[in-house]
Amino acid sequence: MAETKEKSLSDEKPKPRVRPIVRLGIFLISHSFLVSIVCCTAGVLALFLLPVLAKNTYISENALMPGSASPMLSNQHVSDGNRLVKDLTNPNSKSSETGIESHKIIAQYMLDLGAEVSFHKFHPQMNQFHPLHFFSSPVSGKIQENYSCSSYGINTVGIIRAPRGDGKEAIVLVTPYNALKSGFGEALSLGIAYSVFSLLTQVTWLAKDIIWLVADSQYGEYAAVAAWLREYQTPKFSSLSTPNAEMCPDVNNLFELKGHSISGSKFSNSFRRAGTMAAALVLKVRDQNEQFEDTISIYAEASNGQMPNLDLINVVNYLAVHRQGLRVNVEKLWPLLNSSWLKSLGEIFESLAKVAKSLYPKWKFGIPATEYVEGTATLASSLYYQALGVPTGPHGAFRDYQVDAITLEISPKFSLDKVWRNDILLRGGRLIEGVIRSVNNLLEKFHQSFFLYLLTSPSKFVSVGVYMIAFALLIAPLPMVAASLYVDANSSSNCSKGDSSTPSAITDTDEHGIAIRSWRWLNSAKLVFIVHLWGAIVSLLPYFISQIPDCSPTTSFMIWVLLSILSLLTLNSVLASPLACAKATQEKEWALVKSVTISSVFIGLGLMSVINFATAEIGALLMVPMCLLARPLKLDVRAGTLRSFCRLICNLVLGHIAFPPAAFFLLKGMLDGFGNANVGDFWMWVESLWAWNSATYLFIGMVQLPCWVLCVSILFHTC
Amino acid sequence: MVLLQRPHILLLLIDTHQFLQCWIAFGSANEEGQQQEEFSEELLVKPLPDHKLLAHFHFQSSAPPSTSNGCHHHLFPKAISQLVQKFRVKEMELSFTQGRWNYESWGGFDPISSSNAKPPGVELWAVFDVPQHHIDASWKNLTHTLSGLFCASINFLESTATYSTPEWSFPPASGNVRYGTLPCEAVCTENLTPWLKLLPCRDKAAIALLLDRPSLYRGFYHSQRLHLTSTESSSEGIDSGIILEQTLTVVLQPNSERAIEVHASEKHVQPSWSLSSIFGKQVSGRCVLAKSSSVYLLLDRGLVAELKFPNKENGKSAANGLTSENFWSNPSFELSVNPDRIFLEESSSHSKSLSILYMFQVEKYSESEPFDIGLMWKVPVAWLCQQTPLHASRFFMGSGNERGAIAISLKSTQFTEGFMSANSKDGSCELRVDVFQVVPWYVKVYFHSLRVFVDQQPRAVSDFIEKIHVSPSKDKMSPGVMEVVLKLPCRVNTAALTIEFDKGFLRIDEYPPDANQGFDIPSAIISFPNFHASMVFLEDDSLNRSPLLSKFQEKCPVMSYTEVLLVPLTTPDFSMPYNVITIKCTVFALYFGSLLNVLQRRVAEEERFLKAKAAKKTGRLPLLLSKLSAKLRGRRREPLHSPPSSSSFINSKLVLKVILVAGLAVGWQYFFS
């Protein structure tokens, strides 16, 4: 009986063979709920597992050979450096208001070593919002506006030519120095750089030229370095303001130095160059310090989450730890260090690892809980600064020209009396010497090691191959859920409309209806498109708002919000039908909207992960749960079950958190405490983002905000 | 026997000057006479302003036209003469250089710097005396021969993508010139040894004895050069045969307690030096094969002006009285050996003061009494060398792997300002600058984007460029060549040429092993045809014979080389081919698989096949399995609804069992270990 029935069925409708890949796809789509839960949990879990999975760093490029040569920096050079520090901190040198004197002293010291010296005068360039200049390389053709004589900085540049080198490559050493109000730390950093510089004029092993840039940091360290780099890489041959600037008296004052020096040919007021830059080190010494050890902090993040080659960090770390006995630090998110939940998570991982190790002795992935907490804090800060897309120091300017650069900040442990000062000069100098020597050994540019990585400690890293997994798991359910929603929406409306219960009843007469239904998603797509268009408009608005003179951040922010809402309403009334669905037949409209939203979010996150992975990761953490859970509140209220109640709560919470300003304030509150939060802060933050050409700004404006608006519109959908 | 004896005769001949004279007088006039093979060696030492010392070795061998004595030579290196004969080289210059010539402190306006300052690496140019279509073949053969001769990779200049044909800007202007450089060639002793082999006394006697390898390669600049000129023997008139000129220019740091001196840096006294202290060796005796061997000490114009010789005003009279002590016992320095002769430069138009040349004849010294000249400075002296009219530097603009621009910036050096203003009395004073630039094909230069900036103002190209010749590069075939003649006003302060380029892509097998280092762009040559670097010394007859000094008298245009540039190109991940092959194969397999699937599928037939299959009984094995399971369960066999459902049923059971067993195993392991 059963057999015959089956036979008749198969007679009626023979099943075509479905290929396994399609079958798998259909399976996943039909179980999208389960899949999305599993994938999202796994993604978040994988993110928390990253500190456990971090590998030890190793020096990948053999040519670097750090520490293979014994340091040559002797006490003689240290005392030279000390002499410079004394001369700079001498009150006589500070008599001049413009700080020209100290520049002269530095230049004279460089000249005495036989280096080529030149001054680079620059006008600080205001960072402005150029909506179309994201991702473009720094432009040279900008016409400078009227600069007054008073506002300019002077970089002092000394160049040692490698005696037997061919001058094709150069290593840059940068010491920011503010001649007007320099702390002792800055003078000390100059002392360290000078002692290294004086050594390098004598050594025979130099293969690359050495450029020592004393960056005038009175307009910011970054601005000075960026101005010098701009002149180095994209000089302007025609400048309109030059005759103007030459009239300024101070400049002529500076060039008097030429007369004093005996080897006058070494000094020139023209811009001097060496070859292609191989690497750059920015050296700073912190003034006061609470640490009990000499520590050295490494800052590596450049704009848009670009990192220097890992080998550069490795060399510094290796030399500092194993040769000079300095403690190496990378930035941490300090509030995370004390969080108990992280500690307990670390303990869980630790005990799990213990169990695993007892099962099979070769499974050694466990790390102690304290180490886990520290690793997570470092990883979080690594993610945060990469996601922010704002460089963490003057080294960021180099990365814009594809030069690997890091900032080293030395924090000496004691109050700086004579002995300790000499010690820090010697050790810091030897560290710099070692790094320069390693880079000097390089035959090729840095290419062996990683460029895409997250640090979990100075000697541990997570490479792109590992951290991509967490992100991929997070966004994997998006296309499936989108597909299943689309299928559901189509089939359910089919069912509601068709009078016959079996799909076989669909006849030719209904074909027209199918065609219309299958194109119904276009309606939702239009809505999504409009919201994204609005997002683009919103992200352009600050450009116009910033033109308004005398506007406090708070008012600017208010204007921005108002204009955004206004433009949303206008766009909506002009271009789109109201969000509410009019027809009863389109009761599943929200599902289609959600499906298209999810697809667009998937595309946006995918694109962003290529540009700046960390932003995409954090964005995915916020947006993926919101997108997946979004469901009209009315339906949940109507259902009244526990499950729908939970979903309701989750939706409400996520809907608040994922709103970019809310997320910002939450993060800020977590880091600094909620006490001093101000509405204007968000405006300032956004301003800094666009000033640094951070792609995060675009992401927030064009992906996250539209997504949030769409999700909220789904939540308040009237079905 | 005769052959063996001949050198001895020759030695004798050269040894005694009087005898030579009389031998020539009596010798058969048409064959020997003036056309004797000759060799002379000279060394010129010159203190440089930045506490360094320039040593310029000059060896010159000349051979009479080859017909005079067949293919045999007494002194002249046979390898070179064969090379000249075989490839019919008219003129050739090969230089190996390490380090950079510092135009700012070592000068660029004197004969030494304008002909001996070379770009780093290997530079080779040659003029051939063959028909146009044979030139390339001759060049290729020549590069291979030289490569073997000098143990260098000159053979890489063989491919057409590496050498170029300058039309007119290159000094030996002629259509038959080929020019090529290898900027990244490492130069070391292996190149010097074959070069020394060409000398008749090698480095075993006289001046060449000073060529101590460690001290040479410790120097700041080191350039060994080989220049040969040949006159075709068949041509009428004066035949000089082949003249081979070998020069070695080194810039050394006299290490007289340098460390102390630097740290006590208040007094900028030039370091004192002697030949034995800088080279670690002394000149003992002479090379008996050499016609002359002498050492010169040159004090250049700037230095002489600073020294203020007592009777500078009546210098000419002093030069006549060569024994005058005024010139070498100066209050500011002291020579350890009395010079044999002193030459004063003839008044030159370029500078007010004149340089002084001290000559020492090595012939007088023997092994028992070696020659060692030393100079001791007593007071600090600072001076500047005469520089080229414009200081040229070249650099890259832009960043990234996509495009960029090459900029050549010319800056006026104040040094020659006076001269130029003196020249500009007649209103239309113009400074002619020739630029010769070769760029490899992977730097795709857009010649239309050439822009000229004069005194920081963008100017029309046609205003300042008098003549331009461009041959665009062909991919993997020939480099791009640009020859420009600029006419700048004399008063120009700065001038700049910029030209944009795109970076090309290479095939994976075209990358060198160190592709990530970047690719070199050879130096551009900036020459100033209006200016001639020459030093004419007041001479008498005996001076005529010094090849070095006669070389100085030649009017060669002032030339300078710019820096070698390093352009980073996009490099593939060299482990990528494997990945690319894998991915490509996968994509192809998927594509063709699905395409074939679609093509061969016939829907109707498939349905019929399915029907037929359904009509038949289900397969043997599933049937058996289901029977078995039914028996095990003790239940009646149920018909199979559909294969997937049953398989998933079995699978889930299986998975459960596997998990159970694994869990048991884990538990066992955990509790009993």
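Predicted model: local features only at pLDDT ≥ 70, side-chain atom pairs only at ≥ 80, totals over all residues.
Let me start with the largest cavity, which is lined by 13 residues, and of these B:Asp110, B:Asp300, B:Arg301, B:Cys385 and B:Gln386 lie nearest its centre. Residues are numbered from 1 along each chain as its sequence is written, chains are lettered from A and ligands numbered from 1 in the order in which they are written, and side-chain values use heavy atoms, with hydrogens and water left out.

By a cavity I mean, on a 1 Å grid over the protein atoms alone, a set of points where a 1.4 Å probe fits but cannot get out, and lining residues have an atom within 4 Å of a point. Grid points are joined across faces, edges and corners, and a volume is the space filled by probe spheres set on the points. On that basis the whole structure holds six cavities of 30 Å³ or more, and the largest contains about 100 Å³ of space. Its lining divides into four nonpolar, five polar and four charged residues, where Ala, Val, Leu, Ile, Met, Phe, Trp, Tyr, Cys and Pro count as nonpolar, Asp, Glu, Lys and Arg as charged, and the others, Gly among them, as polar.

The second largest cavity has about 80 Å³ of space, and the residues that line it include A:Ile298, A:Glu301, A:Met307, A:Thr378 and A:Leu455. By class, this lining has five nonpolar, three polar and two charged residues. Which helix gives the most to it? That is α14 (residues 369–388) of chain A, with three residues; helices here are DSSP runs of H or I with at least four residues, strands are runs of E with at least two, and both are numbered from the N terminus.

The lining of the second largest cavity also draws at least three residues from each of domain 2 and domain 3 of chain A, with bounds that come from an automatic or database domain assignment. That assignment gives chain A domain 1 (28–52 + 466–491 + 515–576 + 586–716), domain 2 (71–90 + 97–125 + 152–234 + 266–331 + 392–445) and domain 3 (333–387). The centres of domain 1 and domain 3 of chain A, taken over C-alpha atoms, are separated by 29 Å. The contact between them, meaning heavy atoms within 4.5 Å, takes 15 residues from domain 1 and 16 residues from domain 3 of chain A.

Turning to packing, the largest nonpolar core has 87 residues, and B:Phe57, B:Met92, B:Leu297 and B:Phe371 are among those with the most contacts inside it. Such a core is a set of buried Ala, Val, Leu, Ile, Met, Phe, Trp, Tyr and Cys residues joined through side-chain atoms within 4.5 Å, and buried means under 20% relative accessible area, exposed over 50%, partly exposed in between, with a 1.4 Å probe and protein chains only. Leaving aside neighbours within four places in sequence, B:Leu297 is in contact with residues including B:Val45, B:Trp273, B:Tyr358 and B:Leu375. A second, separate core of 77 residues includes A:Tyr109, A:Ala115, A:Leu206 and A:Val316.

Finally, two backbone details. A:Gln402, although not a glycine, has a positive phi of about 60 degrees; A:Gln402 lies in the loop between α15 (395–399) and β9 (404–411) of chain A.

B:Gln456, also a residue other than glycine, has a positive phi near 65 degrees, and sits in the loop between β19 (443–454) and β20 (457–459) of chain B.

Conventions: 1 Å grid on protein atoms, 1.4 Å probe; cavity = no way out; pocket = protein on both sides within 12 Å on 5 of 7 lines; lining within 4 Å.
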